[in-house]
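Dear colleague,

Please find below the sequence and structure that I am handing over to you. My notes on the findings come after the structure.

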Amino acid sequence: MNCRRALKKINPYLSDALNAEETRKLQSHLSSCRRCNGEFEYLKNINNMISNIDLEEEPEGMWDAIRNEIMIEQKHPKRSSLSDALANLNIYFASFTFSKHVAAAFGVLAFILLLAGGFLYWNQTRSLSTSDGGEYMEEYMAASMNDPLSDRIALNFIIAKAEEQK
Amino acid sequence: MAEQDGNVEVDLIRKASSGDIGAFEQIFLKYKKRIYNYCLRMAGNHETAKEATQDIFIRVFKGLKSLRDEKLFGIWIMRIASNHIKDVISKKKHELKLFIDKREYTNNSMEDYNSSLENHISPDDNPEEKLIVNENKRILLTCLSEINQNYREILILHYIEEIKIEDLSEITGLPEGTIKSRLSRGRAQMAEKFKYYQNKEGNQ
């Protein structure tokens, strides 16, 4: 076994993923190659260090919290599926806790939309009332209420006005 | 002896399953350390680990009736823990992406790790040696918190919780070959990060 192959096999060897034949070949290479053996020792040391992470003492009070929850559950054994679903929804929305940033972002967005809407409305009414089209529409709307020929009348009005300007 | 232990446990599980809280407390006492430490290493901070451990035991109690074979309780409870903590972590990540400055989070978890390290120091150690061991452990925990979550889980369960590969296969539902390759990849990532951090600290 050459070094290139051996280096690839070291990690699987430590995970117990090699067959007997490969294991034997790797072991014989490691015993004769200092560099590969160094790599092997390094990785093995990582294993050891992880194994040596001590288990920590768990905090106080966990059992009380668990028992309380269980007691509540036992007192009201059958929750309807609807309230369960609502509880799940609650958990879901709980992850969307609205931070100040988001609230501010929504505020700004609403303000911008309001401004934009206002501007568009103003712009539209302005363009309608100043252009001939706007005048025509106004006349038409007003006249069509009681005169079926309002279309013609409004048109005539505009034509007359245009000629006047000439 | 082990057989007897098993029988006692089966008895406790049956009692708990019919609503006996005292019996369930015995089960809790037996498994709390394993579950808590697993959550701690997966989530990286004590607060989340505590909350998750509580939720896991509540889930376990509610689910006891659906457990078919009491002898498989050890595997079953780890499966619940594994699913739950992954849920919690992905929810946290989601929140993180949306709202929280990432740097703040990593600093917090680093502080957690550092404070947890203080417990590791035994007073009789030679101070210089202690410093190096301490430093290595800090780096190690940082590396562990940074590698791929799937690899981290397997490394924690196999090396810290000392669960056999065949049992891991039961817990995760993955074939043994996958478990082994995750062990290898996780170890490779750990080695790479460990080298990187050691060089970085060495240069400072």
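The notes below begin with one chain as a whole, then turn to the contact between the chains, and end with individual elements and residues.

Please bear in mind throughout that this is a predicted model.

Overall architecture of chain B

Chain B contains nine helices and zero strands, and its pattern along the sequence is accordingly written α-α-α-α-α-α-α-α-α. Of the 204 residues in chain B, 45% are buried. The accessible surface of this chain amounts to about 11,000 Å², and carbon and sulfur atoms account for 46% of that surface. When contacts in chain B between residues at least 6 apart in sequence are considered, 66% of them join residues at least 24 apart.

The interface with chain A

Chain B contributes 45 residues to the contact and chain A contributes 40 residues. Together the two chains bury about 4,000 Å², with 68% of this area on carbon and sulfur atoms. Across the interface there are 14 residue pairs in polar contact, counting pairs with both residues at pLDDT 80 or more. On the side of chain B that touches chain A, at least two residues each come from helix H2 (21-43), helix H3 (46-63), helix H4 (73-98), helix H6 (127-146), H7 and helix H9 (176-203) of chain B. Three salt bridges are also found across this interface. A salt bridge links A:Glu56 to B:Arg41, where the closest N and O atoms are 2.9 Å apart.

A:Ser15 at the contact

A:Ser15 sits in the loop between helix H1 (3-14) and helix H2 (20-32) of chain A. Its relative accessibility is 1%, so A:Ser15 counts as buried. Two polar approaches to chain B involve the side chain of A:Ser15: a polar atom of that side chain lies 3.4 Å from the backbone oxygen of B:Lys180, and a polar contact of 3.2 Å connects it with the side chain of B:Arg187. Apart from neighbours within four places in sequence, A:Ser15 is in contact with B:Ile165, B:Lys180, B:Leu183, B:Ser184 and B:Arg187.

Helix H7 of chain B

Helix H7 of chain B covers residues 149-160, which is 12 residues. From its first C-alpha to its last the helix reaches 15 Å, close to the 16 Å expected at 1.5 Å a residue. H7(B) is largely enclosed by the rest of the structure, because 10 of its 12 residues are buried. Just after H7(B), B:Glu162 adopts a positive phi of about 55°.

B:Ile27 in helix H2

B:Ile27 belongs to helix H2 of chain B. With a relative accessibility of 3%, B:Ile27 counts as buried. Not counting residues up to four places away in sequence, B:Ile27 touches B:Leu12, B:Ile13, B:Ala16 and B:Phe73. For B:Ile27 and B:Ile13, which lie 14 residues apart along the chain, the C-alpha atoms are separated by 7.5 Å.

With kind regards

Technical notes. Residues numbered from 1 in each chain as written. Chains lettered and ligands numbered in written order. Predicted model: local features only at pLDDT ≥ 70, side-chain atom pairs only at ≥ 80, totals over all residues. Heavy atoms only, no water. Helix = DSSP H or I, 4+ residues; strand = E, 2+ residues; numbered from the N terminus. Buried < 20%, exposed > 50% of the residue type's maximum accessible area, 1.4 Å probe, protein only. Contact = heavy atoms within 4.5 Å. Areas by Shrake-Rupley, 256 points an atom, 1.4 Å probe, with all protein chains shown as cover. Expected span 1.5 Å × (residues − 1). Polar contact = N/O pair within 3.5 Å; in protein donor to acceptor, adjacent residues only side chain to side chain. Buried area = accessible area lost by both parts, 1.4 Å probe. Salt bridge = Lys/Arg side-chain N within 4 Å of Asp/Glu carboxyl O.
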